[in-house]
Amino acid sequence: MTAASDLAGLHILITRPSAQALPWAKKLIHLGAKTSCQAMLEICALTDVALQQAVKTKVMGLDNYSKIIFVSQNAVNNGLTEIDSYWPQLPSHIGFFAIGSSTAQLLADKLDHFGAGVNYPKHAMNSEALLALECLKGVAEEKILIVRGCGGRTHLGHTLEARGALIDYCEVYERKVPVTIDTEVLAHFKKTDLIPVISVHSGETLHNLCQLMQTLRTGATLDWMQQTALLLPGLRVAEIAKNLAFKQIIVAENATHEGMIEALYDWRR
């Protein structure tokens, strides 16, 4: 097989938020797959005035922190927009951290004009890998800011608190169940004459998928989807899928394009 046909014969339903769906779809199409996109998670700007003020307060006090951790690309995009509004030059003592190479690269690009470096785990893209970095082990009495969506990644903060760190959260976006769903996309996906695969990048997205399939009359029922191959970014989400009665589970090492595609290759072999 040539590079342009490695995934030929697959029809992949992409459930990522729209901003992340397009580059993922382009990658899959380049490798020969057919794709359909229906977001099962929406990334929304903060609308609550109290939440907006909380972000402003944290950002204006940025120099109080020794380390800042960004948990996702959405955290980088939304967080750096706020930081740029108040800090034409960053405090030099702050260490910047990211979960995963994609988030780290985006953060590095946005910090480039500040001349700041980014720390991240090279071998994996999860909280556990980040917490294994030597520079995050001896953090007693350090003030650390975690930039995330509302209510995200509690394990990271709890572990750092157990190590003696003083943790604050800067919650710069909200994650919501989509208000509208294109039922024609889902009905078309069910009728595909190719091998169907559902691509899911988080446990929250998977829960939303199940919730929506129970309420929508699309022809692509929850029972049918539970029999369809499900591409997931790691063992934690795979465990959620098993508990939700999905039968065909493809587990990638991480949520990078390369990791997810390699898992598809292995599954096809």
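Buried here means under 20% relative accessible area, exposed over 50%, and partly exposed in between (1.4 Å probe, protein chains only). This is a predicted model, where local features need pLDDT of at least 70 and side-chain atom pairs count only at pLDDT 80 or more, while totals for chains, interfaces and linings use all residues. Residues are numbered from 1 along each chain as its sequence is written, and side-chain values use heavy atoms, with hydrogens and water left out.

**View A. Phe 189 meets Trp 224.** At 0% relative accessibility, Phe 189 counts as buried. There is 1 aromatic pair in the structure; rings of Phe, Tyr and Trp (its six-membered ring) pair if their centres lie within 6.5 Å, with planes under 30 degrees apart called stacked, over 60 edge-to-face and the rest tilted. With ring centres 5.7 Å apart and planes at 80°, Phe 189 and Trp 224 are therefore edge-to-face. Phe 189 belongs to helix 7 (residues 183–190) and Trp 224 to helix 9 (residues 222–227), so the pair ties together parts 35 residues apart in sequence. Helices (H or I, at least four residues) and strands (E, at least two) are DSSP runs, numbered from the N terminus.

**View B. Two lysines over tyrosine rings.** A charge sits over a ring if NZ of Lys or CZ of Arg is within 6 Å of the ring centre and within 35 degrees of the ring normal. Lys 122 has its charged end over the ring of Tyr 120, 4.4 Å from the centre. For Lys 143 the ring is that of Tyr 65, and the distance is 5.1 Å.

**View C. The buried residues of helix 4.** In helix 4 (residues 101–111), look for Thr 103, Ala 104, Leu 106, Leu 107 and Leu 111, which are buried. Down the helix axis they fall within an arc of 165° (taken from the directions from the axis to the C-beta atoms), so they line one face of helix 4. They pack against strand 4 (67–70), helix 3 (73–86), strand 5 (95–98) and strand 6 (118–119), with contact meaning heavy atoms within 4.5 Å.

**View E. Strand 10, covered on both faces.** Ala 229 and Leu 231 are buried on one side, Leu 230 and Leu 232 on the other. Ser 199 stands opposite Leu 231, and Leu 230 has Ile 249 of strand 11 as its bridge partner.

Key: Pairing = 2+ DSSP bridges.
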